[in-house]
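I opened the model and kept notes as I went. The entries follow the order in which I looked things up.

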Amino acid sequence: MSRWLFTAGLLVPALAFAPVRPGAVEVSLHLGIYEPKPQPVAATSLELEVQPDTRGRLDAELLDGGAAPGARGVFPEPYSNLEGVFTFRGGPTRTGGAFGRIPANPTKLEIVWSVQTEHGREPWFGGVGWTGEPVIVRWPAVIRRSMHKLGRYRADDGLTEVIQGSLDGHVYFLDLYTGAKTRKPLDTGNPIKGSVSLDPRGFPLLFVGQGIPEKKNIGLYAYELIDDTQVFFLPGRDASALRSWWGAFDSSGLLNRKTDTYVVGGENGLVYSIKLNSDFDPLGLTMKVSPVITRYRYQNEKHNAERLGVENSLTVVKNVAFFADNGGLIQAVDLRTFEPLWAFDAGDDTDASLTVEWPALYTGNEVDRAGLKGYAHARRLDARTGKLEWDRAYACEGTLEPKRNQAGIFATNVIGTGDVADLVFFTLSRCPGEKKGAVVALDKETGREVWRHELKFFSWSSPTALTDTNGKTWLLQGSIGGLVRLLDARTGKLQAEVQLVGDIEASPAAFGDRVVLGTRADRIYGLRVR
């Protein structure tokens, strides 16, 4: 693995086995200018006790010879020192999705560009589905210039690239500001429902999980972005899995930039820790990986294998990962040992990713196993023990026409910060029923509903917090029907809106005043907050 060091006024590559000279600092490159960055806080671990009933509720084991990651399981902070959004909801705590700030007192959402995807096969066609968040990156100049497939964009110091997976099976590469294609789309062979993830070190390494088997073997693919070629494939139909017949990866993984380890959950019921052994040569213009895979497998006596799938994206704080499955079982697992620390039964399918503001964990479930009618629960747990701290239930009702559609909470919640540090925001789908939805702001300490903004049509799209230059927080919310709203996060009042073509299931990513969001009508949109 190669690293870039800034030393004695020069930017030079240093091999991983070479000692780092005292006084050298890591840098990011912004429009070709080398800017020293503060050093991240050293990766420290959390020492949590295993709760007494955990092993009684879970039968868990580490496969592949019991090769526990050890210290490799501790994630550093911040997730990346570079500019951009590198994974679903921005990073390990899943509380982001936006980089930078928007102008103060925004009054308008405008469409700057739109790009048409291929139409794809029935019934998924093209465009972008759930969760469908793009990554956005302002490449360091030395990395950008190494990528042959960028063509003329290799020399474009102003390039900020959008990378968007689509239900048509392609990954699209676009200029954030113009929507122009920066390189030829990648054809992965199968529809992509989830969100792609990018190496937070700035290495040209892209991870793409597939949602539906169609033309190729389904699983997780990794591509180097120098020549846009596949360097790794993790089969979803894994013989080690208890749900081996279903190989989708809607989960967007996390890459530990200090230990070169990628963690991701599969819909086959396994959680993977992958030591990549990355070999990036910026002089020879090559990017290679030699993965060593460790699998975490578990069973729960209350749920059969059909309910073991992990569709949400793993949430991580230092060495502890949190995730839920289709049966509603929420777990905390120590990534150093893969010892389960606690388990909580949410009662129903939980596809929305969990969010953490230590030591609080927020989660919401669907109404699936309960039948068409039931309750979606917005909850706060103690992330250290799994103890329930509050529970707010919402009556919801799904539908059978024209096909079965569940109700409840599909969107990942947003934890308020700054001027809304007392609030957490949830988006409801078909609650109380029909096609209606709502965005609700709950008091973090009590779960009391502070405000509610009714949606004419329900939403699976995750709300995104945007902070303006005055420090005020706004919520961006897409919905079925194609309407995108900008809400005052303090009051829920509508500030601006824009109509797109097609239903919105995907979640947006934002970079400064620019927003990228796909719809089911074969479209990817570039928006601007004015």
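I began at leucine 466, whose bridge partner in E38 is tryptophan 474. Strand E37 (residues 464-467) and E38 pair in the antiparallel sense over 4 bridges. Strands here are DSSP runs of E, at least two residues long, numbered from the N terminus. I count two strands as paired if DSSP finds at least two bridges between them.

A note on provenance: this is a predicted model, where local features need pLDDT of at least 70, side-chain atom pairs count only at pLDDT 80 or more, and totals for chains, interfaces and linings use all residues. Residues are numbered from 1 along each chain as its sequence is written, and side-chain values use heavy atoms, with hydrogens and water left out.

**E38 and its neighbours**

I looked at the turn next. The hairpin of E37 and E38 has 5 residues between the strands, and its glycine 471 takes a positive phi near 90°. On to the next partner: E38 pairs with strand E39 (residues 483-488) over 5 bridges, again antiparallel. Leucine 476 stands opposite leucine 486 in E39. The hairpin of E38 and E39 has 4 residues between the strands, and glycine 481 there has a positive phi near 95°.

How many residues of E38 are buried? I found 6 of its 6; buried means under 20% relative accessible area, exposed over 50%, and partly exposed in between (1.4 Å probe, protein chains only). Thr473, Leu475 and Gln477 cover one side, and Trp474, Leu476 and Gly478 the other.

**Four-stranded sheet**

I traced an open sheet of 4 strands in the order E23-E24-E25-E26, with antiparallel pairing. Strands E23 (315-317) and E26 (339-345) are at the edges with a single partner strand each, so one side of each has no neighbour in the sheet. I noted 5 bridges between E24 (residues 320-324) and E25 (residues 329-334). Phenylalanine 323 stands opposite glutamine 331 in E25.

**Glutamate 505**

I found glutamate 505 in the loop between strand E40 (494-499) and strand E41 (509-511). Is the residue buried or exposed? Glutamate 505 is buried, with a relative accessible area of 12%. Its side chain makes a polar contact with the side chain of arginine 520 at 3.0 Å. A polar contact is a pair of N or O atoms within 3.5 Å; within protein, one must be able to donate a hydrogen and the other to accept it, and residues adjacent in sequence count only if both atoms are side-chain atoms. The side chain of glutamate 505 also reaches the backbone nitrogen of tryptophan 130 at 3.4 Å.

The peptide bond from tryptophan 358 to proline 359 is cis, with omega near 5°. Proline 359 lies in the loop between strand E27 (355-357) and strand E28 (360-364). Cysteine 431 and proline 432 are also joined by a cis bond, with omega about 15°. Proline 432 is in the loop between strand E34 (423-429) and strand E35 (437-443).

Arginine 430 is in the loop between E34 and E35 too. Arginine 430 has a positive phi of about 55° although it is not a glycine, and it is buried at 7% relative accessible area. Asparagine 277 also has a positive phi, near 50°. I placed asparagine 277 in the loop between strand E19 (270-275) and strand E20 (279-281). Asparagine 277 is partly exposed, at 33%.
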